[in-house]
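I opened my notebook to look through a structure step by step. Here is what I looked up, in the order I went.

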Amino acid sequence: MQRIAPGPGQESVWDYPRPPRLERCAARLRVVFAGVTIADTQGGYRVLETSHPPVYYLPPQDVAMQWLRPAPGRSFCEFKGFASYWTIDVDGRVSEQAAWSYQQPTPAFAPIAGHLAFYASRVDACFVGDERVAAQEGDFYGGWITSAVVGPFKGAPGTRHW
């Protein structure tokens, strides 16, 4: 693994902390699926963790919840607690477990209680500002990759134990 040096205006995910840090995100965040804007906010948060592109959490009041339904399954994060999953269904076009949320996160992540994070690979498009993001490889972590972050990024085969 060779760390990529960040250029002007960029961040290296290798400079992000562990345990992860939660911070407000002033940028406009959008999620689109099946021609519908599922979420659109300027009130999101991002979680920054060593070796991961940022994961963005969008407030439920800025998510078109009529298109989401609870999905089976749960997972545990040692830092945030138990996550539940959401499936998007827009007039029969379905994306299973396309989003997740922490209903009762640990105290350090209390501000994101009920907020939703979306897998960029399971929707048609996600945007930070006007930039369309790339999905973090592997779909386990759900980070959004923009031109503002450099890696290498955890998630690809063989990177689980970095």
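The entries below go from the whole chain to single strands, turns and bonds.

**Entry 1: the whole chain**

I noted at the start that this is a predicted model. I then looked up the secondary structure, and the chain has zero helices and 15 strands.

Next I asked myself: how does the radius of gyration of the chain compare with that of a compact globule? A compact globule of 162 residues would have a radius near 15 Å, and the chain has 15 Å, so the two agree. I also looked up the span of the C-alpha trace along its principal axes, which is about 45 × 30 × 30 Å.

For burial, I found that 49% of the 162 residues count as buried. The accessible surface comes to about 7,900 Å², and carbon and sulfur atoms account for 52% of that surface.

I looked at contacts too. Taking those between residues at least 6 apart in sequence, I found that 52% join residues at least 24 apart.

**Entry 2: an open sheet**

I reminded myself that strands of a sheet pair through backbone hydrogen bonds, either parallel or antiparallel.

Then I looked up a sheet of four strands. This sheet is open, its order is β4-β3-β11-β12, and the pairing is antiparallel. Which strands are at the edges? They are β4 and β12, and each of them pairs on one side only.

I went through the sheet pair by pair. Five bridges join β3 to β4, and in β4 the bridge partner of R30 is D40. On to the next pair: β3 and β11 are joined by four bridges, with V31 standing opposite C126 in β11. Between β11 (residues 125-128) and β12 I found two bridges, and here F127 stands opposite R132.

Why is β3 described as largely enclosed? Five of its five residues are buried, so the rest of the structure largely encloses this strand. I checked which way the residues point: L29, V31 and F33 go one way, while R30 and V32 go the other way, and all are buried.

**Entry 3: the turn between β3 and β4**

I looked up the hairpin of β3 and β4, which has two residues between the strands. A34 is in this loop, between β3 (29-33) and β4 (36-41). Its phi is near 55°, a positive value in a residue other than glycine. The cut-offs I needed here were under 20% for buried and over 50% for exposed.

Strand β8 (residues 81-90) is mostly covered, with seven of its ten residues buried.

I looked at β7 (residues 68-77) and β8 together. They run antiparallel and eight bridges join them; C77 stands opposite G81. A hairpin of three residues links the two strands.

What joins β8 to β9 (residues 93-101)? Six bridges do, and these strands also run antiparallel. Y85 has W100 in β9 as its bridge partner. The hairpin here has two residues between the strands, and D91 in the turn has a positive phi of about 50°.

I stopped at Q97, which is in β9. Its phi is positive, about 45°, although Q97 is not a glycine. At 27% relative accessibility, Q97 counts as partly exposed.

**Entry 4: a loop residue**

I looked up Q66, which is in the loop between β6 (55-57) and β7. Is Q66 buried or exposed? Its relative accessibility is 60%, so Q66 counts as exposed.

**Entry 5: cis peptide bonds**

Where did I find cis peptide bonds? One joins R18 and P19, with omega about 5°. P19 is in the loop between β1 (11-12) and β2 (21-25). Another joins G151 and P152, with omega about 10°. P152 lies in the segment after β15 (149-150).

Note on methods: Residues are numbered from 1 along each chain as its sequence is written. This is a predicted model: local features need pLDDT of at least 70, side-chain atom pairs count only at pLDDT 80 or more; totals for chains, interfaces and linings use all residues. Side-chain values use heavy atoms; hydrogens and water are left out. The radius of gyration is taken over C-alpha atoms; the globule rule is 2.2 Å times the number of residues to the power 0.38. Buried means under 20% relative accessible area, exposed over 50%, partly exposed in between (1.4 Å probe, protein chains only). Contact means heavy atoms within 4.5 Å. Accessible areas come from the Shrake-Rupley method with a 1.4 Å probe; for residues, only the protein chains shown count as cover. Two strands pair if DSSP finds at least two bridges between them.
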